[in-house]
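Here are some notes to read beside the structure. They are numbered so that each point can be checked in turn.

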Amino acid sequence: MKTRPCDVVDHLKTEEDMVNYLEAAFEDGDPSLIQAAIGDIARARGMTDIARNAGLGRESLYKSLNPSGNPSFATVLKVIKALGLSLRLQKQT
């Protein structure tokens with residue numbers, strides 16, 4: 001039996017898929033998971049376009065969103081906006 005690595009990007013086909021994925025990461029609350037989810041969505045959409053729309057260099061974006069990266073909050077907000085998304089807060093119940 002042959003196996004191949006799974007890439008979540010293969011499953012991020014629609015806007016709804018991407019939003020649900022990112023919402024799940026935020027619900028978990030792990031910053032590294034949120035960072036990875038943003039990176040996966042950016043890869044699914046095309047890193048070059050997202051970097052351009054965020055006003056960042058492509059290589060800089062890759063470095064910021066990889067597991068060893070440490071993006072600033074400003075970078076995260078720029079990328080979220082470039083993805084066509086926004087953050088919304090609600091009171092915990």
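1. Which residues line the second largest pocket? The model is a predicted one, and in it the lining consists of Phe26, Pro31, Ile34, Gln35, Ile38, Asn70, Pro71, Phe73, Val76 and Leu87. Two elements, helix 2 (31–45) and helix 5 (73–82), each give two or more residues to this lining. Helix 2 gives the most, with four residues.

2. The space in the second largest pocket is about 170 Å³. By residue type, its lining has eight nonpolar residues, two polar ones and no charged ones.

3. The largest pocket holds about 660 Å³ of space. It is lined by 14 residues, and those closest to its centre are Glu23, Phe26, Leu87, Arg88 and Leu89. Helix 1 (residues 15–28) supplies the largest share of this lining, five residues. The lining divides into seven nonpolar, three polar and four charged residues.

4. Phe73 is in helix 5 and is exposed, because its relative accessible area is 59% and the cut-off for exposed is over 50%. Pro31, found in helix 2, also counts as exposed, at 59% relative accessibility. The C-alpha atoms of Pro31 and Ser68 are 12 Å apart, although 37 residues separate the two along the chain.

5. Phe73 also belongs to a nonpolar patch on the surface, together with Phe26, Leu77 and Leu87. The accessible area of these residues together is about 390 Å².

6. The structure has five salt bridges. In one of them, Glu15 pairs with Arg45, and the closest N and O atoms are 2.7 Å apart. Glu15 is in helix 1 and Arg45 is in helix 2, so this pair ties together parts 30 residues apart in sequence. Glu15 is partly exposed at 45% relative accessible area, and Arg45 is partly exposed at 24%.

7. Another salt bridge joins Arg52 and Asp49, with 2.9 Å between the closest N and O atoms. Both residues lie in helix 3 (residues 47–54), three residues apart, which is about one turn of the helix. Arg52 is exposed, with a relative accessible area of 55%, whereas Asp49 counts as partly exposed at 37%.

8. Glu59 and Arg58 form a further salt bridge, in which the closest N and O atoms are 3.3 Å apart. Glu59 is partly exposed at 47% relative accessibility, and Arg58 is partly exposed at 38%.

Conventions:
Residues numbered from 1 in each chain as written. Predicted model: local features only at pLDDT ≥ 70, side-chain atom pairs only at ≥ 80, totals over all residues. Heavy atoms only, no water. 1 Å grid on protein atoms, 1.4 Å probe; cavity = no way out; pocket = protein on both sides within 12 Å on 5 of 7 lines; lining within 4 Å. Points joined across faces, edges and corners; volume = space filled by probe spheres on them. Nonpolar A, V, L, I, M, F, W, Y, C, P; charged D, E, K, R; others polar. Patch = residues over 30% accessible without salt bridge, like charges linked within 9 Å, V, L, I, M, F, W, Y side chains within 5 Å. Areas by Shrake-Rupley, 256 points an atom, 1.4 Å probe, with all protein chains shown as cover. Salt bridge = Lys/Arg side-chain N within 4 Å of Asp/Glu carboxyl O. Buried < 20%, exposed > 50% of the residue type's maximum accessible area, 1.4 Å probe, protein only.
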